[in-house]
Amino acid sequence: MSIDVTPVTRSGPEYPSAIVCSEVSRWYGKVIALNGVTLEIGPGVVGLLGPNGAGKSTLLKLIVGLIRPTNGSISLFGRPAFGTPELRIHIGYCPEHDSFYENMTGLDFVTAMTRLHGFDAHEATARSHAALKRVGLDTSEINGAKAIGAYSKGMRQKVKLAQALAHDPEVLVLDEPLTGTDPVSRHQISDLCRSLGAEGKTVILSSHVLQEVERITDEFILIDKGRLLAKGNVREIRRLIDQHPHRIELVLDKPRLLAEQLVGTPFVSGVTITGECSLVCETAKPDACYDAIPSLARAANVVIRKMTSPDNNLEAVFRYLTR
Amino acid sequence: MSIYRAQYTRYHGRIESPSSRYQAIARAELSRLLRDKWFKRLVLMSGAPTLILGLYIYLAAILEQGFGWNPLGNDVFTRLYAWQPWFIVLMFTGFGSGLISRDRRTGALTLIFTRPVSSLQYLLGKVCILVACALMVTLIPGLILALAQFAMQTTFGFWQLLDAMWRVFATSALFSVFMSSLMLLLSATLGTSSRVAAMVWLVAFICLMMLKNILENTLGMGPMTAVVSPYDVMVGTADMCFSGQSDALPSLVAIVAYSAFFLVALYVRIQSFERAHT
């Protein structure tokens, strides 16, 4: 007996969100792991960020359909993620922890996993070979007799990614794929994620390494303590929280003179002299502040050696939202 | 060459039915086992009783006499099936105890359940592989002896051969399902260590045999005591299948009842993984 594989059609930007979470909560006994999360995720790469215990892995497992939401619903392509095994052919999942048969070779392992999708031996082997090659393993490593138990951390990560890719899923759920990899592997995996997103696949990538995720995508989901903090790109998120004080650090020769000038302006909410040659200015209107600082410095005859904003990157946004 | 940059197109072919996915699980395990030299050695060793009993059949046929027992009758099968359970025990100790516990320990179970595979198919795949292993050491030797009797004995007709083969098949199937379900239940229940499952399996097998002997010999309890020992249950089943001894009937009933119980318990256990995983 056999069945037809019905491919999911994509149609560019207007393609509806592959994943829709509606008021999703998940409890483990008395501990809440995810609390009323509502979001939609469409094609492209999205980074899922949050500190340890934020609920990232729980959210990913809910999307994959490994666990059932306690409240709310998660749907993939309009169908419930949990309890719909036939939907799993459209999902590739790369778990956080190693999940291998250590005595198998990488190719055998990926082939065995691909066969579970129903491909015949020839097709599964061809796909596994191609997927392993795509994640950056070279031919000698793929065809070698070395068992996964003897693989390096980077190679193991690549095998995990390959088994998620080999059946060509529409949705890729990657739980900490960059953890423990060397810079070369990290670069390869980052490139791979970007290219998968560019192909129109929905790639969800969780990580602690904020800078690495920033290099792959500028779309983020920030969660903490099971709650959705923000969703969008860094600039949008930053704009949303711009009504809150934004810090500008200055290294200069006469901090007191510039501080006097800054305090007199309407857009500066506070100035702190942090050293003999440094001050921190807090503002709710950073653009206006950046425009005014050079003229104020000139008027006070102050030489500014360095001006930085610690709040203008993802880490700062994340720190601000989670504090 | 990467699959996408080489104009790789989505697979529009036909794929196997979801209900046959258990075969992929069984095949992966079987290919792993067949690469293990100790597994192959054990399978070869399990042929030793067949060789010895085959020699008896040959000698009895040319000498036209028995040896206190009749190698040309059903006795040869009851003797064979008194030996073969030990090979199953050894094989499962070495190669069957980790079938489920290893999947749990390594996290492969998580990956398997992210595929279109249900807990029933997973269970079926694991049972199939152990049943296939057990049949290698029970069915094949039994069939070889049946054919040897057919070849060596002029009075052993075609219908007798079919009858013997049917009994061999029934005995081997009962042994295999019983032992496989018990081993898998231990593997699924006793934590994530294969060694613990293997040790418990081996120790329980021997201790229950000793308990049966104590009950029967020291306390003078009847043949019903065979149902406490997996080994005696199997030997009793072989007696029932080949000799029709009525005092072995409890063993036959026990092997069927135990197998059904173990399989149901195993299914419930594997379903609980899906939930607990969760």
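A residue counts as buried when its relative accessible area is under 20%. Asp232(B) has a relative accessible area of 14%, so Asp232(B) is buried. This value, like those that follow, comes from a predicted model.

Asp232(B) forms a salt bridge with Lys212(B). The closest N and O atoms of this pair are 3.4 Å apart.

Glu216(B) and Lys212(B) share helix 9 of chain B, which spans residues 194-218. They sit four residues apart, about one turn of the helix. Glu216(B) has a relative accessibility of 26% and therefore counts as partly exposed.

Across all chains, the search of the whole structure finds 16 salt bridges. In chain B, a network of salt bridges links Glu29(B), Arg32(B), Arg102(B), Asp103(B) and Lys126(B). In chain A, Asp191(A) forms a salt bridge with Arg194(A), and the closest N and O atoms are 2.5 Å apart. Both residues belong to helix 6 of chain A. They are three residues apart, about one turn of the helix. Asp191(A) is partly exposed, at 34% relative accessibility. Arg194(A) is also partly exposed, at 32%.

Helix 6 of chain A, residues 183-198, is part of a β-α-β unit. Strand 8, helix 6 and strand 9 of chain A make up this unit, and it is right-handed. Strand 8 of chain A covers residues 171-175. Five of its five residues are buried, so strand 8 is largely enclosed by the rest of the structure. Both of its faces are covered. Val171(A), Val173(A) and Asp175(A) are buried on one side. Leu172(A) and Leu174(A) are buried on the other.

Strand 8 of chain A pairs with two strands described here. Strand 7 of chain A, residues 91-94, runs parallel to strand 8 and is joined to it by four bridges. Ile91(A) stands opposite Val171(A) in this pairing. Strand 9 of chain A, residues 202-207, also pairs with strand 8 in the parallel sense, over five bridges. In strand 9, Ile204(A) stands opposite Val173(A).

Four strands of chain A form an open sheet in the order 3-2-5-6, with antiparallel pairing. Strand 2 of chain A, residues 19-28, pairs with strand 3 over seven bridges. Trp27(A) has Ile32(A) in strand 3 as its bridge partner. Helix 1 of chain A, residues 56-64, packs on this sheet. The helix touches strand 2, strand 3 and strand 5 (71-76) of chain A. Its direction makes about 120 degrees with that of strand 2.

A further open sheet has four strands of chain A in the order 13-14-12-15, again with antiparallel pairing. Strand 13 (268-275) and strand 15 (304-308) of chain A are its edges. Neighbouring strands are turned by 20 degrees against each other on average, direction ignored. Strand 12 of chain A, residues 246-252, pairs with strand 15 over four bridges. Val251(A) stands opposite Lys306(A) in strand 15.

Two helices of chain A pack on this sheet: helix 9, residues 255-263, and helix 10, residues 286-299. Helix 9 touches strand 12, strand 13, strand 14 (278-283) and strand 15 of chain A. Helix 10 touches strand 12, strand 13, strand 14 and strand 15 of chain A. The direction of helix 9 makes about 170 degrees with that of strand 13. The direction of helix 10 makes about 20 degrees with that of strand 12.

In soluble globular proteins, nonpolar side chains tend to be buried together. The largest nonpolar core in this model holds 145 residues. Within it, Phe109(A) and Phe92(B) touch the most other members. Beyond four places in sequence, the contacts of Phe109(A) include Phe100(A), Tyr101(A), Met104(A), Ile148(A) and Val159(A) in chain A, and Leu111(B) in chain B. Another core, of 17 residues, lies apart from the largest one. Among its members are Ala259(A), Leu262(A), Ile293(A) and Leu296(A).

Note on methods: Residues are numbered from 1 along each chain as its sequence is written. Chains are lettered from A and ligands numbered from 1 in the order in which they are written. This is a predicted model: local features need pLDDT of at least 70, side-chain atom pairs count only at pLDDT 80 or more; totals for chains, interfaces and linings use all residues. Side-chain values use heavy atoms; hydrogens and water are left out. A nonpolar core is a set of buried Ala, Val, Leu, Ile, Met, Phe, Trp, Tyr and Cys residues joined through side-chain atoms within 4.5 Å. Buried means under 20% relative accessible area, exposed over 50%, partly exposed in between (1.4 Å probe, protein chains only). Contact means heavy atoms within 4.5 Å. Two strands pair if DSSP finds at least two bridges between them. Axes are lines fitted to C-alpha atoms, for helices over the stretch in contact, and angles run from 0 to 180 degrees between N-to-C directions. A crossover is right-handed if, with the strands pointing away from the viewer, the path from the first strand over the helix to the second runs clockwise. A salt bridge is a side-chain nitrogen of Lys or Arg within 4 Å of a carboxyl oxygen of Asp or Glu.
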